[in-house]
Amino acid sequence: MAIMSIWMEVEGQKFEPLASKLTWELVIKPMIGMGSTNDDIVKESEEQLSKVLDIYETRLTESKYLGGDSFTLVDLHHIPNIYHLMNTKAKALFDSRPRVSAWCADILARPAWMKGLEKLQK
């Protein structure tokens, strides 16, 4: 439980703020016509997120998921931002790290997530 709690803090304090900035700049702003992407924010967020993903890559050498060998809330909390970023240039940040890339593919293929997406697309 302690490991899961630590990784939930990492997600909330390190990953989510950066991934949300990128999602806003690369996905949401263009979608709703809120002006052009701020390239400075994107560059800074990508640089900082790279450091977080390096830590994830190391962690994923020790376990299948961030919180351990089972899918937990830690992984679940990452899914929305990762889903949106996979269709942007930020995808390269994830793909350049083999374990992070495999982890992303795994969590994005979760049956409950896929079912939710199907319902949204109807």
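Helices (H or I, at least four residues) and strands (E, at least two) are taken here as DSSP runs, numbered from the N terminus. In those terms, residues 1-122 of the chain are 75% helix and 0% strand, with the end C-alpha atoms 38 Å apart. The unreviewed UniProt entry annotates residues 1-122 as "domain: GST C-terminal"; UniProt positions are given in the numbering used here, feature names are shortened, and annotations may be inferred rather than shown by experiment. The model is predicted, with local features needing pLDDT of at least 70 and side-chain atom pairs counted only at pLDDT 80 or more, while totals for chains, interfaces and linings use all residues. Residues are numbered from 1 along each chain as its sequence is written, and side-chain values use heavy atoms, with hydrogens and water left out.

Two packed helices are described by the angle between their axes and the distance between the axes. Axes are lines fitted to C-alpha atoms, for helices over the stretch in contact, and angles run from 0 to 180 degrees between N-to-C directions. Angles under 35 degrees count as roughly parallel, over 145 as roughly antiparallel, 65 to 115 as roughly perpendicular and the rest as oblique.

Begin with helix α1 (residues 2-32) and helix α2 (residues 39-59), whose axes come within 9 Å and cross at roughly 150°. The two are therefore roughly antiparallel. Their crossing is left-handed, that is, the near helix is turned anticlockwise from the far one by less than a right angle (clockwise would be right-handed). Contact, meaning heavy atoms within 4.5 Å, involves I3, W7, V10 and F15 among others in α1, and residues including I41, V42, L49 and Y56 in α2. By class, the contact of α1 with α2 has 14 nonpolar, 2 polar and 6 charged residues. Ala, Val, Leu, Ile, Met, Phe, Trp, Tyr, Cys and Pro count as nonpolar, Asp, Glu, Lys and Arg as charged, and the others, Gly among them, as polar.

Helix α1 also packs against helix α3 (residues 73-85), at an angle of about 10° and with the axes 9 Å apart. This pair is therefore roughly parallel, and its crossing is left-handed. Residues in the contact include M4, W7, M8 and E11 of α1 and L73, V74, H77 and H78 of α3. The contact of α1 with α3 has 11 nonpolar, 6 polar and 2 charged residues.

H78, in helix α3, is buried (under 20% relative accessible area, with exposed over 50% and partly exposed in between; 1.4 Å probe, protein chains only), because its relative accessibility is 0%. Leaving aside neighbours within four places in sequence, H78 is in contact with E11, F15, Y56, L66, W103 and I107.

L53, Y56 and E57 in α2 meet P98, R99, V100 and W103 in α5. This contact has 5 nonpolar, no polar and 2 charged residues.

A90 lies in the loop between α3 and α4 (91-95) and is buried, at 0% relative accessibility. Apart from neighbours within four places in sequence, A90 is in contact with L22, L26, E46 and L85. A90 and S50 are 40 residues apart in sequence, and their C-alpha atoms are 9.9 Å apart.

K29, in helix α1, is likewise buried, with a relative accessible area of 10%. Not counting residues up to four places away in sequence, K29 touches W24, M34, G35, S36, T37 and N38.
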